[in-house]
Amino acid sequence: MELNENTRLEDLIKEYPALRTGMADINPRFKMLQTPMGKIMIKKATVADMSERSGMPVDELVAAIAAKTGLGAADGSASLTPAAEPLPTARAATPAVEQQDELGELLSERPAEEDAEPQVEWWGKAEDFKVIDVRKAHGNFFPGLKKRAEETAVGEGLHIVQSFEPIPLYDVMAELGYEHVVRRGDAGEYHVYFYRAEQGEDSGEIAFRPIALLNFPVIDEELGDVAVNFWNLTWNDEKRYLSQETRLLLSMANALGAGRMRQASRELIKAYAHGCDSRALDDVFELVAWNQGIGNFASEIGSSTLFRAYRTIKDQEKRGVPRAEIVEILKERFGEQNPDVGVQ
């Protein structure tokens, strides 16, 4: 296989499966390849795309991948071996649910549904994971769960029980260094086993995850299931035609038109972080001024947090600040701690 800026990431990972996790050693930003969104990116991205998203020069990224895989090396040596065999599947008893936690209530004493054993090395430890049942938790349970996740040591794990599959948690926990396995219980509940494989940290991107969706089960458990799956279908389905950047811009414009400035601000920041050119943002705001009127734009939009985030991008670009640094500035100024942006 030839390795250059046009090499497709999907081809690389097919040849070297361990590269999907190994890319995080090259640049922490590549941890997202281990998330549901990463699956979509892998199918579309080239090495040049990954260079732009990470801020790494193309030649530096190519050299780092070559060092990982041995591609281009004179002796053909490689740190990662092609087509690694799957891990052996040792039969282990399904962990029983019999603990309680301050974030939830006593769990029913029944095992998770019997199905194929997960092919992960750490599955034998899962029965010792701390169990947190959030099915009956009132209010937003995520801050307490995130704190527990950050305090959990590498090599240990958490067992989360919820009435619906908590898909928004997966990316969040992956950023903190967790892998996960999902099982269904005999009453239809979801048991998610999170194992901390490495000491990941909150880079600030967690603030823009759809964690607010986890509030829907407070209203109704079935509504929670519908909301999470609707979000997953909308944003993660591989059949979607438009690029993620375009979809985020459309979502931003729709939110702005509906007066949801908090959502619009988040979509703008995510779009820019995904690689959206600021000239596309120029076009969107020009169209907003045309469709909503100059007076409305001047009084409502120009003074908004959304427009301040946009001006931050434009000002920093004029100063020659690299995109990666601008994204970090946006996270710092317009993250969850900003009352006009946060949704937790």
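Buried means under 20% relative accessible area, exposed over 50% and partly exposed in between, with a 1.4 Å probe and protein chains only. The figures show a predicted model, in which local features need pLDDT of at least 70 and side-chain atom pairs count only at pLDDT 80 or more, while totals for chains, interfaces and linings use all residues. Residues are numbered from 1 along each chain as its sequence is written, and side-chain values use heavy atoms, with hydrogens and water left out.

**Figure 1. Strand β4 and its side chains.** Helices (H or I, at least four residues) and strands (E, at least two) are DSSP runs, numbered from the N terminus. Seven of the seven residues of β4 are buried, so this strand is largely enclosed by the rest of the structure. Tyr190, Val192, Phe194 and Arg196 point one way from β4, whereas His191, Tyr193 and Tyr195 point the other way.

**Figure 2. The open sheet.** Four strands form this sheet in the order β1-β2-β4-β3, with mixed pairing. The edges are held by β1 (130-133) and β3 (178-184), each with a single partner strand, so one side of each is left without a neighbour in the sheet. On average, neighbouring strands are turned by 20 degrees against each other, direction ignored; here axes are lines fitted to C-alpha atoms, for helices over the stretch in contact, and angles run from 0 to 180 degrees between N-to-C directions. Helix α6 (residues 142-151) lies across β1, β2, β3 and β4 (190-196) and runs at about 160 degrees to β2.

**Figure 3. Pairing between the strands.** Two strands pair if DSSP finds at least two bridges between them. Strands of a sheet pair through backbone hydrogen bonds, either parallel or antiparallel. Four bridges join β1 to β2 (residues 157-162), and these two strands run parallel; Ile132 stands opposite Ile160 in β2. The pairing of β2 with β4 is antiparallel, over six bridges, and Gln162 stands opposite Tyr190 in β4. An antiparallel pairing over seven bridges also links β3 and β4, where Val182 has Val192 as its bridge partner. The hairpin of β3 and β4 has five residues between the strands, and Gly188 in this hairpin takes a positive phi near 90 degrees.

**Figure 4. Helix α5 and its buried face.** The expected span of a helix is 1.5 Å times one less than its number of residues. For the 12 residues of α5 (residues 58-69) this gives 16 Å, and the end C-alpha atoms are 16 Å apart, which agrees. Leu61, Val62, Ile65, Ala66, Lys68 and Thr69 are buried in α5. Seen down the helix axis, the buried residues fall within an arc of 160 degrees, so they line one face of α5; the arc is that of the directions from the helix axis to the C-beta atoms. Asp59 and Ala67, on the other side, are exposed. The buried residues of α5 pack against α1 (9-15), α2 (19-26) and α4 (47-54), with contact meaning heavy atoms within 4.5 Å. Just after α5, Gly70 takes a positive phi of about 85 degrees.

**Figure 5. Nonpolar cores.** A nonpolar core is a set of buried Ala, Val, Leu, Ile, Met, Phe, Trp, Tyr and Cys residues joined through side-chain atoms within 4.5 Å. Of the 50 residues in the largest core, Leu158, Phe194, Leu268, Leu281, Phe285 and Leu330 touch the most other members. A second, separate core of 20 residues includes Leu3, Met50, Met56 and Leu61.
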